[in-house]
Amino acid sequence: MQTVLELRALTKHFPTHRAVNGVSFAIGHGEFFSLVGPSGCGKTTTLRLIAGFEEPTSGQLLLDGHSVEGLPAYQRDVSTVFQNYALFPHLTVAQNVAFGLERRGRPQNEITDKVGRALELVHLSGKEARLPNQISGGERQRVALARSLVLEPKVLLLDEPLSALDPKLRNEMRHELKNLQRRTGIAFLFVTHDQEEALSLSDRVAIMNLGSLEQLGTPQEVYRTPKTRFVAEFLGNVNWLRGAGVRPEAVRVSRAACEGASAAVVEAQTFLGNCVHLRTKLEDGSACTAEMAQQECDFQAGERVYLSWNTADEFRVP
Ligand SMILES: Nc1ncnc2c1ncn2[C@@H]1O[C@H](COP(=O)(O)OP(=O)(O)OP(=O)(O)O)[C@@H](O)[C@H]1O
Ligand SMILES: [Mg+2]
């Protein structure tokens with residue numbers, strides 16, 4: 001895969017805070033790449049450095065192989081979709097989408113044509129003349145996307161674009177976002193602190209912590225073989241048993257003892273809608289949660305059970 005954007009030891013130290021510490025990664029053409037991590041770990045600062053809203057303290061940034069350091073934001077071939085959408089309230093949907101092309105002095109017929117196609121892409125044809133307060137939150141999100149896509153950037157930077165939406169709409173927009181990315185072929189650098197969103201959408205995921213990159217890989221790699229305790233715990237639930245990490249869905253629970261199984265006592269179960277979490281305690285005092293379907297879970301609190309898992313489902317971290 002040919003690289004479209006490369007960060008080399010990118011660093012941003014504010015007078016009072018080291019927000020980004022030597023972050024390096026490369027994104028391929030047409031890739032859906034997610035940057036995840038807890039609040040304050042430096043995700044937005046990283047995007048702002050790429051977009052040119054901040055200058056790095058040190059490190060390099062290459063877009064299609066060319067250094068973009070020192071280039072003002074409007075001369076970089078990237079576009080940003082902000083968390084709060086930042087639409088112009090007094091401009092119509094079509095005018096919001098046209099804004100960037102007008103600023104670039106494109107001819108009117110090209111603008112009309114491209115705006116029409118961008119709105120079609122995000123399913124907003126027919127709503128061109130509405131103002132932002134005359135459309136729904138999900139539609140405003142689509143206008144924000146169209147406004148960036150219409151510029152045909154080399155990389156689209158998305159900073160938590162779905163966080164203002166309710167869970168159902170958020171789920172729908174996830175799929176739309178993925179479709180849009182595939183149809184346009186534009187590389188997406190998607191920032192979220194929702195690990196499920198990142199795992200389900202991305203070709204590759206980078207996990208950040210305290211301004212540094214902890215791990216980078218496909219969703220399967222980072223979830224199944226996390227390299228640090230932080231990554232393991234950030235990406236999902238994990239049981240630490242006999243020095244290894246095991247995900248709750250990999251734990252089998254039975255009433256019959258079998259070879260290699262660990263005896264445990266059921267403490268409680270939590271109904272989560274699509275599954276049940278069964279909390280148990282092993283004889284050595286360590287806690288272990290097993291995830292199973294509701295219909296498989298007929299265990300009572302206080303009951304003695306046996307836990308087992310495949311060694312292939314274990315991972316070790318330093
Ligand atoms: N201009 C600034 N001056 C000083 N510190 C800053 C500045 N901008 C950001 N920071 C600090 O840098 C750290 C990283 O901020 P950033 O906005 O990149 O985090 P984030 O990962 O996007 O978090 P969130 O998930 O909450 O959006 C934070 O501790 C923040 O307070
Ligand atoms: Mg942020």
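I began with the largest nonpolar core, which has 64 residues; Val97, Ala146, Val155, Leu157, Ala187, Phe188 and Leu189 have the most contacts inside it. Such a core is a set of buried Ala, Val, Leu, Ile, Met, Phe, Trp, Tyr and Cys residues joined through C-beta atoms within 7 Å. Buried means 20 or more other C-beta atoms within 10 Å of a residue's own, exposed 12 or fewer, partly exposed in between, with C-beta atoms placed from the backbone. Apart from that core lies another, of 10 residues, including Leu278 and Trp309.

This is a predicted model: local features need pLDDT of at least 70, side-chain atom pairs count only at pLDDT 80 or more, and totals for chains, interfaces and linings use all residues. Residues are numbered from 1 along each chain as its sequence is written, while chains are lettered from A and ligands numbered from 1 in the order in which they are written.

Next I checked ligand 1. I found 13 residues around ligand 1 (C-beta atom, placed from the backbone, within 6 Å), and Phe14, Ala19, Ser39, Thr44 and Thr45 come nearest. Strand E2 (17-28) and helix H1 (43-51) each give two or more residues to this shell; helices (H or I, at least four residues) and strands (E, at least two) are DSSP runs, numbered from the N terminus.

Last, I looked up Glu128, in the loop between helix H3 (108-121) and helix H4 (137-149). Is Glu128 buried or partly exposed? Glu128 counts as partly exposed because it has 16 C-beta neighbours inside 10 Å.
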